[in-house]
Amino acid sequence: MNFSQLNIHEALLAPLLKQGIKIPKPVQESAIPKILGGSDLIVQSQTGSGKTLAFILPLIQLIVPKNEVTQALVLAPTRELALQIFEVSKALAEAKGIKTLQIYGGKNMGQQLARLKTPPHLIIATPGRLLDHLGQGTVKLDHIKHLVIDEADQMILKGFKNEMDRILRNTPGNRQTLCFSATLPPAVKKLVYAYTISPELIEATHEPVDAATIRQEIVHTTDRQKFPDLLKAIGQDQPFLAIIFCRTKRRADELLAKMKQQKYNVAAIHSDIPQNKRERILKTFRSADLQFLIATDVAARGLDIRHVTHIYNFDVPEEADTYIHRIGRTGRAGADGYACMFVTPGNNLEFNMIERRLRANIPVREL
């Protein structure tokens, strides 16, 4: 099947081809016709499966450029994810003459206000900054026809429920609502159903992480030996581009200082780093002028950077699903990837949960 068979307009096919996107992924095949048909959807699809394009492509097609009102809104839990969604939408929106605007903290408020003098057709936003604009009356959502809640589990579980409720009260009741997420625990699913009307459910996450494209290993280590073991692994692997995940901002900063001392080409991103600096770092990493990116889990969702060859879990994540999101930053678009996790005796509980989630034993690597 191709995108023409999904009834995607010819004007949108050229920018897809220019990016080398020829054949829709399974989640896109399932979701696009239903979105074009006007259905509310709840889509559960694992990271790296192509879910961003699954909603952006039909949204761009459904927006009417001559109607100069805001017709579609995409809500995301982090600035990085909002930026990533904007990047996916950019070429498609230009092909159809659609005005898009990113609204999130860290962006210059004056610039956003200037661009809001003419309402954008599509807004991609994080909840906090969008509520600031709603409070000032600089954004109007009363003509919204299509609403997307991306990473719905994170939006709900990490404290955005009240903000989302306030935002949704400013949108028409007859809007189309689309909820996308890599995971949907039962408690989250119940709330998501409350935001939709007779939604169709698409579940595309029954398969575990694809071992054919992401080779996974663990290193048994200790807190004292973990950093030397990381350097040994890096020395043996010689990664092209690598992301190193830490649990906390403090750990990320400590690791950054140690790796810089060893003369590695490295930078770190986390929520304490100003947004404009984070964007510069990610741009440098995307262009391969930076080899190692140290990140907290603020970067585990939404980052779509080609050619990331290696993921190092310097700290074992607290939740199994977080592990899935982290290693999904490699092995994308069918490319081979590698993930290595450093497990100390104090991590046994979390590690066992990860193996149960994968339904597989992760091989041990001897350095």
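Q: What makes the contact between Asp132 and Arg129 a salt bridge?
A: In this predicted model, the side chains of Asp132 and Arg129 come to 3.8 Å, N to O. The rule asks for a side-chain nitrogen of Lys or Arg within 4 Å of a carboxyl oxygen of Asp or Glu, so the pair at 3.8 Å qualifies.

Q: How far apart are Asp132 and Arg129 in helix α6?
A: The two residues are 3 positions apart in helix α6 (residues 127-136), which means about one helical turn separates them.

Q: Why is Arg129 called buried?
A: Its relative accessible area is 15%. Buried means under 20%, so Arg129 is buried.

Q: What is Asp132 called, with a relative accessible area of 40%?
A: Asp132 is called partly exposed, because the term covers what lies between under 20% and over 50%.

Q: Which residues of α6 are buried?
A: They are Pro127, Arg129, Leu130, Leu131, His133 and Leu134. The elements that cover them include β2, β3, β4, α5, α7 and α8. Just after this helix, Gly137 has a positive phi of about 75°.

Q: What makes Glu254 and Arg250 a salt bridge?
A: Their side chains meet at 3.3 Å, N to O, and the limit is 4 Å, so the pair counts. Both lie in helix α11 (residues 249-261), 4 residues apart, which means a separation of about one helical turn.

Q: Why is Arg250 called exposed, and what is Glu254 called?
A: Arg250 has a relative accessible area of 65%. Glu254, at 36% relative accessibility, counts as partly exposed.

Q: Which parts does the salt bridge between Arg251 and Asp315 tie together?
A: The side chains of Arg251 and Asp315 meet at 2.5 Å, N to O.

Q: Are Arg251 and Asp315 buried or partly exposed?
A: Arg251 has a relative accessible area of 30% and is partly exposed. Asp315 stands at 5%, which is under 20%, so Asp315 is buried.

Q: What joins Lys51, Asp150 and Glu151 into one network?
A: Salt bridges that share partners join these residues. By the rule used here, the count comes to 17 salt bridges.

Q: How do you know that strand β2 is covered on both faces?
A: Strand β2 (residues 72-75) has Ala72 and Val74 on one side, Leu73 and Leu75 on the other, and all are buried.

Q: What makes β2 and β4 a pair of strands?
A: Pairing needs at least two bridges. There are 4 bridges between β2 and strand β4 (residues 122-125), so the two pair, and they run parallel. In β4, Ile123 is the bridge partner of Leu73.

Q: How many bridges does β2 have with strand β5?
A: Parallel pairing of β2 with β5 (residues 146-150) also runs over 4 bridges. In β5, Val148 stands opposite Val74, and Ile149 is the bridge partner of Leu75.

Q: Which strands pair with β1?
A: Strand β1 (residues 41-44) pairs in the parallel sense with β6 (residues 176-181) over 4 bridges, and with β7 (residues 200-203) over 4 bridges. Ile42 has Cys179 as its bridge partner in β6, while Gln44 stands opposite Glu203 in β7. Leu41 and Val43 point one way from β1, Ile42 and Gln44 the other way, and all are buried.

Q: What is the strand order of the open sheet?
A: The sheet has 7 strands in the order β3-β4-β2-β5-β6-β1-β7, with parallel pairing.

Q: Why are β3 and β7 called edge strands?
A: Each of β3 and β7 pairs on one side only.

Q: Where do helices α1 and α4 meet?
A: Ala11, Leu12, Pro15 and Leu16 in α1 meet Ala91, Leu92, Ala95 and Lys96 in α4. By class, this contact has 7 nonpolar, no polar and 1 charged residues. The helices pack at an angle of about 145°, with axes 9 Å apart.

How values were computed: Residues are numbered from 1 along each chain as its sequence is written. This is a predicted model: local features need pLDDT of at least 70, side-chain atom pairs count only at pLDDT 80 or more; totals for chains, interfaces and linings use all residues. Side-chain values use heavy atoms; hydrogens and water are left out. Buried means under 20% relative accessible area, exposed over 50%, partly exposed in between (1.4 Å probe, protein chains only). Axes are lines fitted to C-alpha atoms, for helices over the stretch in contact, and angles run from 0 to 180 degrees between N-to-C directions. Contact means heavy atoms within 4.5 Å. Ala, Val, Leu, Ile, Met, Phe, Trp, Tyr, Cys and Pro count as nonpolar, Asp, Glu, Lys and Arg as charged, and the others, Gly among them, as polar.
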